Amino acid sequence: MSVFLHDVAVALPDHVYPQSRIRDVIKAQPELDRLGQRLTGAAFNASGIDQRYSVVQDFMREADEEPGLFYDPASGRMLTPSTGTRNVVYTAEATRLYVEAARRVLESSGLQANDITHVITVSCTGFFAPGPDYAVVRALNLGADVARFHVGFMGCYAAFPALKMAQAFCEANADATVLVISAELCTLHMHSSADPDTIIANSVFADGCAAAVVSARPPAPGARALRLDHFETTLTPVGVGEAEMAWTIGDQGYDMVLSTYVPSIIESHIEGALSPLLARDPALAEAGHAGVERWAIHPGGRSILDKVQGSLNLSDDQLRPSREVLRQHGNMSSATVLFILRDLLEQAGDGERVCAMAFGPGLTVETGLMTKLGVAVPAGTPRDLPALAGA
C-alpha cells in the first residue's frame, strides 16, 4: 500500500533577527575573550544565514527599555534564566505554534477535524504534560479518540521517525489520516560562552514549526503529494561521532555540543549511509544517488551542506532548497527538513525522486526516499506569509 505526504504548512514566531544583530550581541558579552570574539564573528559570518526567527523578543529592546528574561538592553548583557523559566516560555509559545501550523495544514489540505485519526508531535527543546499533542486535539476540536504520540528529545533527525510512524499507521489502516507536527524553540537555550561548540550552536539554531498530513489516500487530480517510498536509519561506526553531537539538559537551558568535526564525519560516511536506502529501489540500486533528481538535506550548518554536496557531486540547483531554508530560517532542528519538503512539494516535477536526510546525536543519519506526484507550481507564484503575525 502506498502512503503519501499530502501537504506541509509552517508557522513562525513574530520576531525575526538579522544574523548580524545576534552576532554583535554575543560578541559584546564579557565571557568572551578576544579569541572568543573572533570565533563568534567567523562562525556567524560564514553561517550562510541571513536571518532567524525567535520567540524571544528581548534582543529587539532599546537601551532605555526594561530588561527581558534573556537580555538587559541597558547593559548589553545576556541574562541567565533557569531551565525551568525557559521551559515556561516554551510551553506557551510552542503550543501556539503547534496549533497554528496544524490549523493551517488542515485548511490548505481541505481536511476537517473529524478526518484526523492520529496526531504525532515532535520536539527536543521543551517538555510539558498534557503535551502539545493534547493541546492540538483540544484547540482544533479533533476527536477525543484520536491516537496521540510524542517524539521527544531525538534532535535534528526526529521528523523522520515521526514520518515513519505515520507511514506505518496508514499501512495498517487505510482510513488513517495522520497529522505530524514538529516545533522547535532552539533560541530559548542560547547562552553566552567562549566554548567553540556553544559559539557554533549560537550561530545556527532558530525557532520554527511545520505540520504535515500523511495518509494512504491517493492525491486528487491536480493535487500534489510526495509518495513515501522507503526510510532507513544508519549509525556511524562505534566510536565515531558519538561525542561530537549531543544535547543535554543544563541548569541554564539545554547544552548543545556541535563539534567542528561533524561536517568531516558526515563527509566520510554519507555514501555508506545512503547505500541501504538506495538498495531498496531497483532502479537506484544500479544508478545510485545520481538517479535522484531532488534533495532535501537537513542544513545543520553551511559546512555540512558543503561536505554533502562535494561528496555526492550534487549541483547547486539540487542544494538550493536546503541552502535557502538555512539562509531564511537557520537550523530549526527537527522542523527544518519539513520546511524543505514543503518547498519541494511545489518545485519538483511529476515523477521526480526526492531523497531527504538529516543528522543528529549519535551520530545518527536518517534518510528517506520519496516520489513527487503532480505538477510543479510555476516559479514566482505568491505564497502566504508563514509568520504567526499578530499572535
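**Close-up views: figure legends**

**Side chain of S322.** The backbone oxygen of I297 and a polar atom of the S322 side chain lie 2.9 Å apart, a polar contact (a pair of N or O atoms within 3.5 Å; within protein, one able to donate a hydrogen and the other to accept it, with residues adjacent in sequence counted only if both atoms are side-chain atoms). The model is predicted, so local features need pLDDT of at least 70 and side-chain atom pairs count only at pLDDT 80 or more, while totals for chains, interfaces and linings use all residues. Residues are numbered from 1 along each chain as its sequence is written, and side-chain values use heavy atoms, with hydrogens and water left out. S322 belongs to helix 10 (residues 316–329); helices (H or I, at least four residues) and strands (E, at least two) are DSSP runs, numbered from the N terminus. At a relative accessible area of 0%, S322 is buried (buried is under 20% relative accessible area, exposed over 50%, partly exposed in between; 1.4 Å probe, protein chains only). Leaving aside residues up to four places away in sequence, S322 touches W295, A296, I297, P299, L305 and I340 (contact means heavy atoms within 4.5 Å).

**Helix 9 against helix 10.** Helix 9 (302–312) packs on helix 10 at an angle of about 170 degrees, and their axes are 11 Å apart (axes are lines fitted to C-alpha atoms, for helices over the stretch in contact; angles run from 0 to 180 degrees between N-to-C directions). The two helices are therefore roughly antiparallel (under 35 degrees is roughly parallel, over 145 roughly antiparallel, 65 to 115 roughly perpendicular, the rest oblique). Their crossing is right-handed (the near helix is turned clockwise from the far one by less than a right angle; anticlockwise is left-handed). R302, L305, D306 and Q309 of helix 9 meet D316, L319, S322, R323 and L326 of helix 10. Three of these contact residues are nonpolar, two polar and four charged (Ala, Val, Leu, Ile, Met, Phe, Trp, Tyr, Cys and Pro count as nonpolar, Asp, Glu, Lys and Arg as charged, the others, Gly among them, as polar).

**Helix 7 against helix 9.** The axes of helix 7 (residues 262–279) and helix 9 cross at roughly 40 degrees and come within 9 Å. That angle makes helix 7 oblique to helix 9. The crossing of the pair is right-handed. Helix 7 contributes V262, P263, S264, I266, E267, I270, E271 and L274 to the contact, and helix 9 contributes S303, I304, K307, V308, S311 and L312. By class, the contact of helix 7 with helix 9 has eight nonpolar, three polar and three charged residues.

**Helix 1 against helix 2.** Helix 1 and helix 2 pack with their axes 9 Å apart and at an angle of about 170 degrees. Helix 1 and helix 2 therefore run roughly antiparallel to each other. On helix 1 the contact residues are Q19, I22, R23, I26 and K27, and on helix 2 they are Q37, T40, G41, F44 and N45. These comprise three nonpolar, five polar and two charged residues.

**Helix 6 and its surroundings.** Helix 6 (residues 196–204) is mostly covered, with eight of its nine residues buried. The buried residues are D197, T198, I199, I200, A201, N202, S203 and V204. They pack against helix 1 (19–27), helix 2 (34–45), strand 3 (51–54) and strand 12 (253–258).

N313 sits in the loop between helix 9 and helix 10 and is exposed, at 69% relative accessibility. S333 lies in the loop between helix 10 and helix 11 (336–347) and is buried, with a relative accessible area of 2%.

Most peptide bonds are trans, but the bond from A129 to P130 is cis, with omega near -5 degrees. P130 is in the loop between strand 6 (118–123) and helix 4 (132–139). The bond from G362 to L363 is also cis, with omega near 0 degrees. L363 is in the loop between strand 14 (353–360) and strand 15 (364–373).
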